[in-house]
Amino acid sequence: MAQKTKNELRNAELEKSEIAVIEVTEQYLRERLYDIRGRKVMLDADLAEIYGYSNKRFNEQVRNNIVKFDSDFMFELTEEETEDLRTKFPTANISAKSRYNPHVFTEQGLYMLMTVLKGELATKQSKALVRTFKIMKDCIISNQGLIGQREVMQLSMQTSENTFEIKKLRMDLGSVEKQMSDVMDQLGEVVTKSDLADMMNSFVNDEDNGWLMFNTKYSSADVAYSSIYGQAKKTIYLVDNYIGLRTLVLLKNAAPGVDINVFSDNVGVNKLHNIEFKDFCKEYPGLKISLQKTGGIFHDRFIVLDYGIKDERVFLCGAFSKDAGARITSIVEDFGIQK
């Protein structure tokens, strides 16, 4: 008798255990989202149930792909955190028999799981998770008037970060598909490039047109700006008369120690309020950022990296950074300290 493939064995195991498919709803997720280390996370055991795995098998899949899960995607709870979770939430899915503390996954980690877990059920549940998270976030946005300005700012920053991560993953689908094809012989059913693209597109709002031309290449606006800021070695000069919270969030991608100078005339008026800027600086004390007035002499928008040294680079931006991608626009780089 021919030896069964790993995928056939797994399917037989699932049929024997008769694991019920979990319906992913808002209520289901709300009851399984926990605040730990200032982040919303889900337990490995809960995600294992959603995807139809045993907890042991689920964590094996993660360990086999551990290079994909940085500490902001997944982390192991300490003894104190585990006990605190048990105390506050007696129904939390934590096995008393396990020799290990639970692992928890942030939302970004959950999206990375979608590139790891394979099969028809995994694809179905991944789509359900993404769509449910989108519904929950849309609800937050539509009810902004019910919460304070500071809370809205913090939620906006987190949503911007999550959307940026999704866009990066969506742009990297080609390499994901290559990794998937490498294990095609071992696994009969894998998540295809088009399946994963559908998942990402269902999370990002259908009206999201955050794309532009960056040095003649089609690119996500957020990824383009973040990439530029991340290349600075000493300083960033941003000349933009209309900046917003989105601008500040993208500037977080600058390397540690880089001095950021934002030249703008709209701070403290209708676009970016002083309280938003101050709260942002408190949230990210390691970011060295200052604001200066332009005196109204600039019409165009510029990003200057490492001003005054031999590595100086200048980018001419066709749109305000807060609106980048809303309409067809471009960013063009011009080298040369002489210019």
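Visitor: At about what angle to β2 does helix α3 run?

Guide: This is a predicted model, in which local features need pLDDT of at least 70 and side-chain atom pairs count only at pLDDT 80 or more, while totals for chains, interfaces and linings use all residues. Residues are numbered from 1 along each chain as its sequence is written, and side-chain values use heavy atoms, with hydrogens and water left out. Helices (H or I, at least four residues) and strands (E, at least two) are DSSP runs numbered from the N terminus; contact means heavy atoms within 4.5 Å; axes are lines fitted to C-alpha atoms, for helices over the stretch in contact, with angles from 0 to 180 degrees between N-to-C directions. Helix α3 (residues 44–51) lies across β1, β2 and β4, and its angle to β2 is about 60 degrees.

Visitor: What is the average twist from one strand to the next?

Guide: The strands in question are those of the open sheet, β1-β2-β4-β3. From one strand to the next, the twist averages 45 degrees.

Visitor: How many residues of helix α11 are buried?

Guide: Buried means under 20% relative accessible area, exposed over 50%, and partly exposed in between (1.4 Å probe, protein chains only). Among the buried residues of α11 are Asp-222, Tyr-225 and Tyr-229. Helix α11 (residues 221–230) is mostly covered, the buried count among its ten residues being eight.

Visitor: What separates Glu-26 and Arg-30 in helix α2?

Guide: The two residues form a salt bridge (a side-chain nitrogen of Lys or Arg within 4 Å of a carboxyl oxygen of Asp or Glu), with their closest N and O atoms 3.4 Å apart. Glu-26 is partly exposed at 30% relative accessible area, and Arg-30 is partly exposed at 44%. Because they are four residues apart in helix α2 (residues 26–30), their separation is about one helical turn.

Visitor: How far apart in sequence are the parts that Glu-81 and Arg-37 tie together?

Guide: Their side chains meet in a salt bridge of 2.8 Å, N to O. Glu-81 lies in helix α5 (residues 79–88) and Arg-37 in the loop between β1 (34–36) and β2 (39–43), so the parts that the pair ties together are apart in sequence by 44 residues.

Visitor: Is Glu-333 buried or exposed?

Guide: The side chain of Glu-333 meets that of Arg-313 in a salt bridge of 2.6 Å, N to O. This pair links strand β12 (residues 330–335), which holds Glu-333, to strand β11 (residues 313–317), which holds Arg-313, 20 residues apart. At 15% relative accessibility, Glu-333 counts as buried.

Visitor: With which side chain does Thr-294 make a polar contact of 2.5 Å?

Guide: A polar contact is a pair of N or O atoms within 3.5 Å; within protein, one must be able to donate a hydrogen and the other to accept it, and residues adjacent in sequence count only if both atoms are side-chain atoms. Thr-294 lies in the loop between β9 (288–292) and β10 (301–305) and, at 8% relative accessibility, counts as buried. The side chain of Thr-294 makes a polar contact of 3.3 Å with the side chain of Asn-241. The partner at 2.5 Å is the side chain of Asp-265.

Note on methods. Pairing = 2+ DSSP bridges.
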